[in-house]
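Dear colleague,

I am handing over to you the structure shown below. Please look through it before reading the notes that come after it.

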Amino acid sequence: MSGFAPHQADDTAIATIRTLAVDTVAGANSGHPGAPMGLAPAAHVLFSRFLNANPKNSKWFNRDRFVLSNGHACALQYVLLHLLGYKLSIDDLKQFRQLDSKTPGHPEAGHTDGIEVTTGPLGQGFANAVGLAIAQAHLGAVYNKPDFNLINNYTYVFTGDGCLMEGVASEAASLAGHLQLGNLIVIYDDNHISIDGDTNVAFTEDVEQRFLAYGWQVLHVNDGDHDLASIYASIAASREEKSKPTIIKLKTTIGFGSREQGTHGVHGAPLKADDIVALKGKFNFNPQEKYAVPQATYDLYAEFGKRGAALEEEWNTLLAGYATKYPKEHADLTRRIAGKLPDGWEKALPVYKPTDGPVASRKLSEIALTALAPVLPDLLGGSADLTGSNLTKVKGSTDFQPPSTGLGNYAGTYIRYGVREHGMGAIGNGLAAYGGIIPYVATFLNFVSYASGAVRLSALSGHRVIWVATHDGIGLGEDGPTHQPVETQIALRATPNVAFWRPADGNETSAAYKVAIESEKTPSVLSLTRQNLPQLVGSTIDRAVLGGYVLVEEENEDLTIVSSGSEVSIAIEAAKKLKEQGIKTRVVSLPCWLVFDQQPLEYRLSVLRSGAPILSVEASSTAGWSKYSHEQYGLSGWGLSAPYQKIYERFGLTGSNIASVGKKVVDFYKKRGDKVTSPLEKAL
């Protein structure tokens, strides 16, 4: 690539970005004008000279991905999307941070055309970008052929001091260096300002030495306010480095041009009216005109759109040639790009009979993954240093590793995330956002809590990330309460758009995978046991995919016990004991609240019906179960360290004790004598 060629409209375009961002924030009387003003030159050079994308088709698969990790600078991204010709008008900028607008307070994927991932919580976007880069490296290794370099895009990131303080970014950066992701280019807005003021109050580490230690290339631009040629040269050099990710330390002045430039006063609040007037005068804009865009700026950025459209057209021609020479690979790639699953893939899911032996649900998960891998190449899995416990690596699979390490290759389908749960979750979001990949990530259920920020954004963004969360409660035994989740279950169930599955046997585990894989806009957490579970009479995949169903039916019942996971078999044992006492007891398995709640009301009321009390049983906090049951039995505190059978006995989670509790519930409601209405019906 030749050197930087100045354009007569460069200065005007940069000034337009600054003034338009200032007006956007001022119009909302809320937001962050400082970073957009400081980053305007770098943004202009990146988008006008390097970034390959087509505003008329924001989903072109081989587009470069751009991530604004410091999402508080979203006014910058919205301004750029407008100038470049995406589906974002001046009126949309005027509606910044208003109800139902296309320009929410932080960038949201799926909400605004051209936004790749949802950012705002600092560090998340940085880690998402590592996932985007892994996705390109993987799909390129799988599908690219000689003379058909179909998948070769770069991922560009704007990040700041706040992101680099966050642990999730550190985790992701460390892994990116190990993986030698030369397709990842990060521009670090080194302005030494955070909300509390100068970063010298809390952030004085040597960022360059840190990233060099991670295995990154570190480049410098000492005058990010003016030196367009150096910005250009640094990005060009980054693209030439194929075996290391690059971070460019870009020295900028936050709020450049403002009277408060270089201070935290311009970080998180609109500029004052007189400051805006002075700023526009300084940049030769009419101080009285708002949301002004010179025609020269529109014309310059129209060239971006023309370039992107031409590149997509060239790519489509290349793809057509690929179809002729590699029809099988073409069919598979285009299926994945379209987000479709292979025909009949679900037939590979294991099916179990009641006569099959007891198996831990983490092992049932391994069996399912092993069966699915040959028919669903979209799966790209990994574990946070717990592979042997999570049982997530399919036998014979290759690790995703730099070929130079001798540990695997980029076509590999298993990622060694190391002890980086939060980074893993956020990288999984990036993998899902790229397209063509269904990521699954694994750790103990207790340590999903470490990644709750990533899980939350996965749910908000609608990313299909599957968490294989083993050792799901007190049943893990001897490791004790530090490792035994009792509150994580309700925390995940309470998170909107998270499908928390707690399967009770093999068919329910297969059902969990079926729904998780088919749920394009919902992340799933599969809560799996260390201890063996029996295969249940009445359990089928077709019934379990409804999220809840009747396992043991009785007419004119005296009691219904509803449960999930490892406690369902205990509930069945209790029902048998109660029947021996003349107490007719139904048993309902409720493996996934979210999916059950999505079923028709008539079905839900038939499963958890009125007429008899309902008792819930689960080896966790009872919080939330009152939505489905009149009475709840579970844990009111932490677990214990001992063999799991002894822990279950100590907490009364046995068939005999639950039968005793159930009898007391029945006696209590009979003594009251009034009609027993299901909590679901009461909620109406």
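Predicted model: local features only at pLDDT ≥ 70, side-chain atom pairs only at ≥ 80, totals over all residues.

Annotated residues

The UniProt record, an unreviewed entry, places the feature "binding site" at eight positions: His-32, His-267, Arg-362, Ser-389, His-471, Asp-479, His-483 and Arg-530. These positions are spread over 499 residues of sequence, and they are spread in space as well, with up to 49.0 Å between C-alpha atoms. Two of the annotated histidines, His-267 and His-471, are described in turn.

His-267 is found in the loop that runs between strand 7 (246-251) and helix 10 (273-282). Its relative accessible area is 8%, below the 20% cut-off, so His-267 counts as buried. Apart from neighbours within four places in sequence, the residues in contact with His-267 are Gly-31, His-32, Pro-33, Gly-34, His-72, Ile-193, Ser-194, Ile-195 and Ile-254. Among these contacts is His-32, which the UniProt record also lists under "binding site".

His-471 is found in the loop between strand 12 (466-470) and helix 18 (488-493). With a relative accessible area of 5%, under the 20% cut-off, His-471 is therefore buried. Again leaving aside neighbours within four places in sequence, His-471 is in contact with Phe-444, Leu-445, Leu-476, Pro-485, Leu-528 and Thr-529, and also with Arg-362, Ser-389, His-483 and Arg-530. Arg-362, Ser-389, His-483 and Arg-530 carry the "binding site" feature in the UniProt record too.

The largest pocket holds about 680 Å³ of space. Its lining is made up of 27 residues, and those nearest its centre are Ala-432, Ala-433, Tyr-434, Gly-435 and Lys-521. Helix 12 (327-337) and helix 15 (421-434) are the elements that each give two or more residues to this lining. Helix 15 provides the largest share, with three residues. By class, the lining of the largest pocket has eleven nonpolar, seven polar and nine charged residues.

The second largest pocket holds about 340 Å³. It is lined by 20 residues, of which Ala-373, Leu-376, Pro-377, Leu-379 and Thr-413 are the closest to its centre. Here, helix 5 (124-143) and strand 9 (379-383) are the elements that give two or more residues to the lining. The lining of the second largest pocket divides into 13 nonpolar, five polar and two charged residues.

With kind regards

Definitions and conventions:
Residues numbered from 1 in each chain as written. Heavy atoms only, no water. UniProt positions renumbered as here; feature names shortened; annotations may be inferred. Helix = DSSP H or I, 4+ residues; strand = E, 2+ residues; numbered from the N terminus. Buried < 20%, exposed > 50% of the residue type's maximum accessible area, 1.4 Å probe, protein only. Contact = heavy atoms within 4.5 Å. 1 Å grid on protein atoms, 1.4 Å probe; cavity = no way out; pocket = protein on both sides within 12 Å on 5 of 7 lines; lining within 4 Å. Points joined across faces, edges and corners; volume = space filled by probe spheres on them. Nonpolar A, V, L, I, M, F, W, Y, C, P; charged D, E, K, R; others polar.
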